Amino acid sequence: MFHAFLKHITARFPFLKERSVLLAVSGGIDSVVLAHLLKRAELDFEIAHCNFSLRGSESDAEAVFVRELAQQLNMKFHLQKFNTKAFAAAHKVSTQMAARELRYAWFNELCNQFNLTHTLTAHHAQDDLETFLININRASGLEGLKGMTEASEHILRPLLPFSREEILAYAKENNIVWREDSSNETDNYLRNHFRHHAIPALSQAAPDFLIQFKKTQKHLQEAADLLEDYTAFLFSKIVTESFQGYELSIIQLREVPNTKAVLYQLLKGFGFTAWDNIYDLLQAQSGKQVLSENYRLIKDRDVLILSAHKSQPKDKYIFDKIDSEVKLPNLKLLKESISSLDILKKNEAVFDEAQLNFPLYVRKWEEGDSFYPYGMRGKKKVSKYFKDLKYSALDKESAWLLCSGTDIIWIVGERTDNRYKINSQATKLVKITAVYD
């Protein structure tokens, strides 16, 4: 196996011969064998072990074993002990997910701290098959079925082409000692159930199943690459960038075949899970939206607007008489006294200071808000005014109102209130200028 491993490293990861990397070692046969292979190949690596505190003295014994392995191989050793269950409870995730988040965050810290270029893990061919079966159960689509990759970001998996049988044979031939994780013997996890029952049954029914699986995965990867190319081609036809984020043309989406599949491909990287709700946006009323953890998708007439979540501003920003400016998210209002009225720009408003009830305050609009638009007769609801301007849902959220007492005196950057227009008796004028980030 060593010669096949060395040939694989030379072909796929030749840069490892000139770099220092981090090897994640659990103490199990796979990672221990990989440590011996890397040492024999004379590659420069450091060993990291996570004690997840899930199996008491057994977890502690594994940490001791890996430390001794590092000493035996004369490699630098890193150890971190985690309270995995507490982390899982605090973040409302499964124990497995907590362990994954903790270990990879720590691996990244080590790489940054000690100038290590990659983290190596000991995933092999059966691990890949297990993940494939798990992803079928999750209905993860083509992305999940193409399986693990040998390199993803800073993670390398140099044992991926090799089977568990090859690894076991190498360990026995070279008298390599490893630790057995007792949790791997149970069927508590779906992965273990597949490992103990489904995969042996498949291999018994079809002895070449693992080989054919790897070939199938290659075909799936090629199909995924083709789909990515097609999506990139459609992107320029469907998506445009705007100050709000990205706009997806509903008209263009409806014209392409397999609209739902295309929409999924365009949005899959933004953390959405409620896909049926997203598809329903194509026929929904304007203003309907779907949220992911960090993004939202809003229907606005003939487009879907994709934007990042923004923290909600506080209710009011006070603008006192002595203040010359007030800072808001993405906006700054400047106040100055002027002696005469000149032609105003859209981002400027002038008031008679004697009419103003200080402190002024700035806020977002609310349902039921109304004002008396300058140059128009009578009162108008702010929502109706926005509708007349064809404001999108994001435009409405971005709008600010400057208020004096209970009166809205300026929809910032748009229209002042007719009740606060300048007359001939005004003696002291105040100009307020909106400066956008």
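**Loops, a cis bond and a helix**

Analyst: Glu42 is exposed, as its relative accessible area is 72%. Please keep in mind that this is a predicted model.

User: Where is Glu42 found?
Analyst: Glu42 sits in the loop that runs between helix H2 (29–40) and strand S2 (44–51).

User: And what is phi of Glu42 near?
Analyst: Phi of Glu42 is near 60°, which is a positive value in a residue other than glycine.

User: Which loop holds Ser53?
Analyst: Ser53 belongs to the loop between S2 and helix H3 (57–73). Its phi is also positive, near 55°, and Ser53 is a residue other than glycine.

User: Why does Ser53 count as partly exposed?
Analyst: Ser53 counts as partly exposed because its relative accessibility is 35%, and that class lies between the cut-offs of 20% and 50%.

User: New topic. Is the peptide bond from Phe358 to Pro359 cis or trans?
Analyst: That bond is cis, with omega near 0°. Pro359 itself lies in the loop between strand S15 (348–352) and strand S16 (360–363).

User: Now helix H10. How many residues does it have?
Analyst: H10 covers residues 209–238 and has 30 residues. From its first C-alpha to its last it reaches 41 Å, close to the expected 44 Å.

User: Which residues of H10 are buried?
Analyst: Among them are Leu210, Phe213, Leu220 and Ile238.

User: What do the buried residues pack against?
Analyst: The buried residues of H10 pack against several elements, including helix H6 (125–137), strand S8 (245–249) and helix H12 (259–267).

Definitions and conventions. Residues numbered from 1 in each chain as written. Predicted model: local features only at pLDDT ≥ 70, side-chain atom pairs only at ≥ 80, totals over all residues. Heavy atoms only, no water. Helix = DSSP H or I, 4+ residues; strand = E, 2+ residues; numbered from the N terminus. Expected span 1.5 Å × (residues − 1). Buried < 20%, exposed > 50% of the residue type's maximum accessible area, 1.4 Å probe, protein only. Contact = heavy atoms within 4.5 Å.
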